[in-house]
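Me: Please take a close look at the aromatic pairs in this structure, and explain the terms as you go.

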Amino acid sequence: MGLRVERDRGTGVALLTLDRPEKHNAIDLATAAELGAAWRALRYDDEVRAAVVTGAGGRAFCTGVDRGVDVPQPSSPYTIDDPLLAIGPKANDLWKPVIAAVEGMACGGAFYLLGEAEFVIASEEATFFDPHTTYGMVSAYEAISMAQRMPYGEVARMALMGTAERVGARRAYETGLVSELTPPGGAVASALRAAAVIASYPTEAVQGTVRAVWSAGEAARSQALAHAPHLIALGNLAPERQAELFGERGRGGGGGYRLR
């Protein structure tokens, strides 16, 4: 099991925890399926009126797809199989409010979850980065998700700088990705408190508000996402070359990173 789901019937809040700390909460195929199933189950649970999503262990919220996962791809440049496309609440038609609580690293495919949360609360030690370009991959879905939350230049810089930079929690707060900073270890508690307040309000009004806010950017997001599979198919290096680049970083060939 790569996901823990806890329901507090008293507050009406569910806590979803990615539970693969030894893998920095990277998502394998089983965990991706568990996330989708969990969001869909919450649609039918009327006692849960808000949710918090986080990662176990404190070192990482999520580091995207597990590099050990083999996802066969069709040869057509017009289609792509991405196991992370259906891991978020909106992708599963859940319109109950979701708050993301980030401790440690959040990178790459983590943005699929952050992009579908209503807002993000982060520890002062949290960092955000997008490694795709470093390994010869197009940042499409991730960058599009973050473009709904951050200024253009900030999204472009994070996506293009790859592993050379990490965005610190303070900078993420200043640019709008994060709505609240907490002391180390405090993100989940703060997110649960906020979720409990929201869950105490009439759920019809809350869910209607979630949909209204989401709809404000949905048209542009949908148009951008339609281009993503083609850009990835055309721009990604062959998987073998990606693995070589990833291996070079693992052996220390890529140097360190700048925190900003």
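Reply: Buried is used here for a relative accessible area under 20%, exposed for over 50% and partly exposed for what lies in between, with a 1.4 Å probe and protein chains only. The model is a predicted one, in which local features need pLDDT of at least 70 and side-chain atom pairs count only at pLDDT 80 or more, while totals for chains, interfaces and linings use all residues. Residues are numbered from 1 along each chain as its sequence is written, and side-chain values use heavy atoms, with hydrogens and water left out.

Rings of Phe, Tyr and Trp (its six-membered ring) pair if their centres lie within 6.5 Å, and planes under 30 degrees apart count as stacked, over 60 as edge-to-face and the rest as tilted. A search of the whole structure finds three such aromatic pairs. In one of them, the ring centres of tryptophan 95 and tryptophan 214 are 6.3 Å apart and the planes stand at 65°, so this pair is edge-to-face. Tryptophan 95 lies in the loop between strand S4 (60–62) and S5, whereas tryptophan 214 belongs to helix H7 (residues 203–235), so the pair ties together parts 119 residues apart in sequence; helices (H or I, at least four residues) and strands (E, at least two) are DSSP runs, numbered from the N terminus. Tryptophan 95 is buried, at a relative accessible area of 11%, and tryptophan 214 is buried as well, at 16%.

Tyrosine 112 and tyrosine 141 form a tilted aromatic pair, with 6.1 Å from centre to centre and 40° between the planes.
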